[in-house]
Amino acid sequence: MAAEKQETSVAQRVERIVPMFTRMKWKIAAAGIVVGLLSGLLVVLYRLGIEHCTRFARWMYAQIRVNPWLIIPWVFAALVVGLLIAWMVGKEPMASGSGIPQTDGVVLAGLKMRWQTILPVRFIGGLLGALFGLSLGREGPSIQIGASGAQFLSHRLRGRRREDVQEHYVVTAGAAAGLSAAFSAPLSGMMFALEGIHRSFSPVILMGATAASLTADVVSKYCFGLRPVLDFGSVEQLPLGEYVWLIPLGLVAGLVGSLMNRSLLGLQSLYGRLPAWCRPLIALAIALPVGIWLPDVLGGGSNLIDMAEHASVGLGMLCILFVAKVLFTSTSFGSGAPGGIFMPILAVGSLAGGICGVVAQRTCGLDRGAVAVFAVCVMTGVLAASVKTPITSILLAVEMSGTLTHMLPVAAVVFIAMLVSDVLHTRPIYDALLDRYMRSQKLDVQSPSAIRNGVLELPLEMGSAADGKRIRDVDWPSGCLVIGLRRGEKEIVPRGDTALRGGDYLIVLFSGEQERTVRRAMHRLCDVDV
């Protein structure tokens, strides 16, 4: 009798917890608006700074080309800047490189992010690298800047209760706002939060990411206008009879995406054999001949995308720019200088597509307007093959072109490229970079989390280990308790004989000491290995 009363009391407490969790999505959505404002503003400032610094780099190398004696002050400035970047990255390693792997680590692996040091290193280091034209993008850093701004707000809003699992949702919303403001592409930012950062679909994540992305996009459009960063303009439709070209385009995109990953990781490994203080110096030294003889390769590469789309240079020059962009991006990124690879990957993909388009035009009489379609398709496929975020890649192409007309050819190339990438056993670039970062910093993901306890929401995928089983028959990890189950619009207080179905959302209460172990074990039970 006493046991039954105790069980009833536990059930009543659980019933009170579940509606509170449901209401949390609206709290996160409200926080997302504030996050979008702050993160959008930070990213807009960063974006403005990078654009001005990249323009200065092109002007500076043009002056050196005319007046060679300017190399002397350039060498002195590069020496100072290279040592300063190495010192800053040594003090805050989490601000090195792209920023997306580190943000993934915060959300998925429980890494600690110090916005107080990350923000200044990101801004100063990124601007200094752009002043010398390093082939680094602003999109990855923008995602971490947005996440850092979100973490700042989370700390301010909760006061001393900083270690809270809800911070992961706010940080994810900040990452979405960062990409949205960097590209002026809110749908892509929202989807990247689900597909690239949190790796799962949840109403709470979706509400926060959507609110933050849309708000950040308003801030971005207010400052930069209504046109997206990569405005493809009016790209002609590919005739149905030419759809056979999508197969070789997908193969090329998959190969180039795998090549890009191997080049980035290979040069990073090579730099790892050198002392940390000299790595940025080498990248800056390589930038000098590149800036003098191939200034189009400087910076993120949005100019190269426009060049490939319109085939404004010959086939030979497109090939030279393609090789130079791959190598210069790898040497710039491998040095550890603060800067991303999102835009350079897009630039490399568009150059590969432009090459394919020009070759098809010359050899098979393809219409000149198809070159732009080839560039867009291969660009999107390369991004998907490298990052393994197909939906985000497709949405990005749609938002950049401003029409759904090209969605079918783009999607076909993306999934063929993903197949090629998987056949070649190419890991997602940000996963590989996160593993390398954690090994280099000797981080132990098994160490206890500072979160005392929290609530985790996970979707149960069809065909997963727990699908179709009763709750009592599932080998749940120690340190967690399934306190709620949402099936459609219906909320269920689970019992031992409750049968689980694919599509359910599990609400799990866990102890902070077991947080990381619980997360990995729950993903093994609820996810399907593809």
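How much accessible surface does the protein chain have, and what share of it belongs to carbon and sulfur atoms? The accessible surface is about 22,200 Å², and carbon and sulfur atoms account for 64% of it; areas come from the Shrake-Rupley method with a 1.4 Å probe, and for residues only the protein chains shown count as cover. This is a predicted model, in which local features need pLDDT of at least 70, side-chain atom pairs count only at pLDDT 80 or more, and totals for chains, interfaces and linings use all residues. Residues are numbered from 1 along each chain as its sequence is written, and side-chain values use heavy atoms, with hydrogens and water left out.

**Confidence**
- The average pLDDT (the predictor's confidence in each residue, from 0 to 100) is 83 for the protein chain, and 86% of the residues score at least 70.
- Residues 445–452 have pLDDT under 50, and the model gives them 22 contacts (heavy atoms within 4.5 Å) beyond four places in sequence.
- Where pLDDT is low, the predicted coordinates should not be read in detail.

**Overall make-up**
- The protein chain has 18 helices and four strands, taken as DSSP runs numbered from the N terminus (helices H or I, at least four residues; strands E, at least two).
- Of the 530 residues in the protein chain, 58% are buried; buried means under 20% relative accessible area, exposed over 50%, and partly exposed in between (1.4 Å probe, protein chains only).
- Taking contacts between residues at least 6 apart in sequence, 83% join residues at least 24 apart.

**Strands β2 and β3**
- Strand β2 (residues 480–487) has six of its eight residues buried, so the rest of the structure largely encloses it.
- β2 runs antiparallel to strand β3 (residues 490–492), and three bridges join the two; strands pair if DSSP finds at least two bridges between them.
- R486 has E491 in β3 as its bridge partner.

**Two buried helix residues**
- T380 belongs to helix α14 (residues 370–387) and is buried, at a relative accessible area of 2%.
- Leaving out residues up to four places away in sequence, T380 touches S393, I394, A397, V410 and V414.
- I429 is in helix α17 (residues 429–440) and is buried, at a relative accessible area of 1%.
- Leaving out residues up to four places away in sequence, I429 touches residues including N261, L264 and I341.
- I429 and R262 are 167 residues apart in sequence, while their C-alpha atoms are 8.9 Å apart in space.

**Cysteines**
- The whole structure has zero disulfides, a disulfide being a pair of cysteine sulfur atoms within 2.5 Å.
- C53 is buried at 12% relative accessibility, and C278 is buried with a relative accessible area of 13%.
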